[in-house]
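User: I'd like to learn how to read helix packing and symmetry in a model. Could you walk me through an example?

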There are 2 protein chains.
Amino acid sequence: MSTTPTLHTKKPYHHGDLREALLIAGESALEELAADQVSLREIARRAGVSHAAPKHHFGSLGALLGDVAARGFEQFIEALQTAADATSEQSPHARLLAMCRAYLRFATAHPGTYGLMFGKRDICETTPRLAKAMLSAWTQLEGAVAALVGPSRAIHGAVLVWSSVHGMAMLKLDRRLPPNIDPVTSLEYGLRMLIAGLQTESAG
Amino acid sequence: MSTTPTLHTKKPYHHGDLREALLIAGESALEELAADQVSLREIARRAGVSHAAPKHHFGSLGALLGDVAARGFEQFIEALQTAADATSEQSPHARLLAMCRAYLRFATAHPGTYGLMFGKRDICETTPRLAKAMLSAWTQLEGAVAALVGPSRAIHGAVLVWSSVHGMAMLKLDRRLPPNIDPVTSLEYGLRMLIAGLQTESAG
DNA sequence: AATTTGATGTTGACAATGGAAAGTTAGTTT
DNA sequence: AAACTAACTTTCCATTGTCAACATCAAATT
């Protein structure tokens, strides 16, 4: 009846790896809760610590969210890389297509994280880790476009491709498209147009 | 020295047109303050009323923001219409170009309102006025695209154009583009590609 | 003209938030 | 053993959105 000391694993005062636990808790909260429910205190609750504990690992909520976003970008980059590497032909054209499809799939599968990554929560600070991950993502996409249209047109082409896919993802997630429109179909159509345009000679 | 009663216009208990005043106060707050500083109480403060006064005109902060967003869409629609009507040639091509340029200009000039309109604040409710304004905006853009590429390709084309310009605007406002990139230049390049692609025969 | 009524504002309360400050615990170093 | 420091808790504060209760005033009804 009294305190059975067998396996009475009392919660230790120190967590062990609270920093990573908070990042994971933040990500899960972002996906499971409405965006305005994701608070510092909620994340701390999920990690099983007091609401002031995160302060020692991240200075503020903004910095915590910044690193959650960075983790999101890291997963995002890996998803696109995996998709590109999985194409059978391995042509620049096929690789870019696969990456764009994986892009929209990622945004659809992780809307909360994707929104955080792309500025939906302005509290989110651009931490060094986030800045690095953002740059990596850009470099990755620009490389895929360069392989298709050549380096001279890579930058403008990459901006256009990124804008289009990002815009489609955001309009979908924020329900700003008429309800009868299927973004996946639109993406396929749009990519055909885009790539046709990009490969035109007059594009110098 | 004492109270000069001349023109001593004492503030009346009733505002007169508080509803509209709150919408205007909300819009100005959105543009002048950081996004997380725009609160119900701040808007009420700017309108010179108590923090609970808005409740009688809008049920909640979300509904207030919803109608602020609706007003934004109404101004947005007018800006695009004006730009299209101001072209010299009045060709479908010129009108669509002018609208897209006006689109990016609006987003740049009113970043707070634009962000609200396109889901950056998820508290924002889709009020009837907002739903109507969103549909009008979509119809307007779809019409401009239809005039250029015909009705059969209008829907997919409009989704692509909207996604591209919206994506460019959002990436710019959220600083998700590499810093050396100028969105205006990118827009011009992108529109050339897009319209070239849209007018291709294979686009059925 | 007197009264009632209902829309429009105010005040005060509530729980929840992010952050600051100060106290507590547990390893680490000397 | 003693001092030090990092990790975590507790307490407190200003601010937020919403609610209920009350105040005010214009307009409709009697």
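User: Which residues in H7(A) meet which residues in H8(A)?

Analyst: This is a predicted model. On the H7(A) side, the contact is made by Leu141(A), Glu142(A), Val145(A), Ala146(A) and Val149(A). Facing them in H8(A) are Ala154(A), Ile155(A), Gly157(A), Ala158(A), Val161(A) and Trp162(A). By class, this contact has nine nonpolar residues, one polar and one charged.

User: At what angle do H7(A) and H8(A) pack, and how far apart are their axes?

Analyst: The general idea is that two packed helices are described by the angle between their axes and the distance between the axes. Here, H7 (residues 128–149) and H8 (residues 154–173) of chain A pack at about 120°, and their axes are 8 Å apart. Because angles of 65 to 115 degrees count as roughly perpendicular and those over 145 as roughly antiparallel, H7(A) is oblique to H8(A). Their crossing is right-handed.

User: What rotation superposes chain A on chain B?

Analyst: Look at the rotation together with the shift along its axis. A rotation of 180° with a shift of 0.0 Å superposes chain A on chain B, with an RMSD of 0.1 Å. That is the relation of a two-fold axis. The copies meet through the same surface, because 97% of the interface residues of chain A are also interface residues in chain B.

User: And which residues are closest to DNA strand C?

Analyst: Ser39(A), Leu40(A), His15(B), Ser50(B) and Ala52(B) are the closest of the 22 residues that surround DNA strand C. H2(A) gives the largest share of that surface, three residues. By class, the surface divides into ten nonpolar, ten polar and two charged residues.

How values were computed: Residues numbered from 1 in each chain as written. Chains lettered and ligands numbered in written order. Predicted model: local features only at pLDDT ≥ 70, side-chain atom pairs only at ≥ 80, totals over all residues. Near = placed C-beta within 6 Å. Helix = DSSP H or I, 4+ residues; strand = E, 2+ residues; numbered from the N terminus. Nonpolar A, V, L, I, M, F, W, Y, C, P; charged D, E, K, R; others polar. Axes fitted to C-alpha atoms, helices over the stretch in contact; angles between N-to-C directions. Parallel < 35°, antiparallel > 145°, perpendicular 65-115°, else oblique. Left-handed = near helix turned anticlockwise from the far one by under 90°. Contact = placed C-beta atoms within 7 Å. Least-squares fit on C-alpha atoms with pLDDT ≥ 70 in both.
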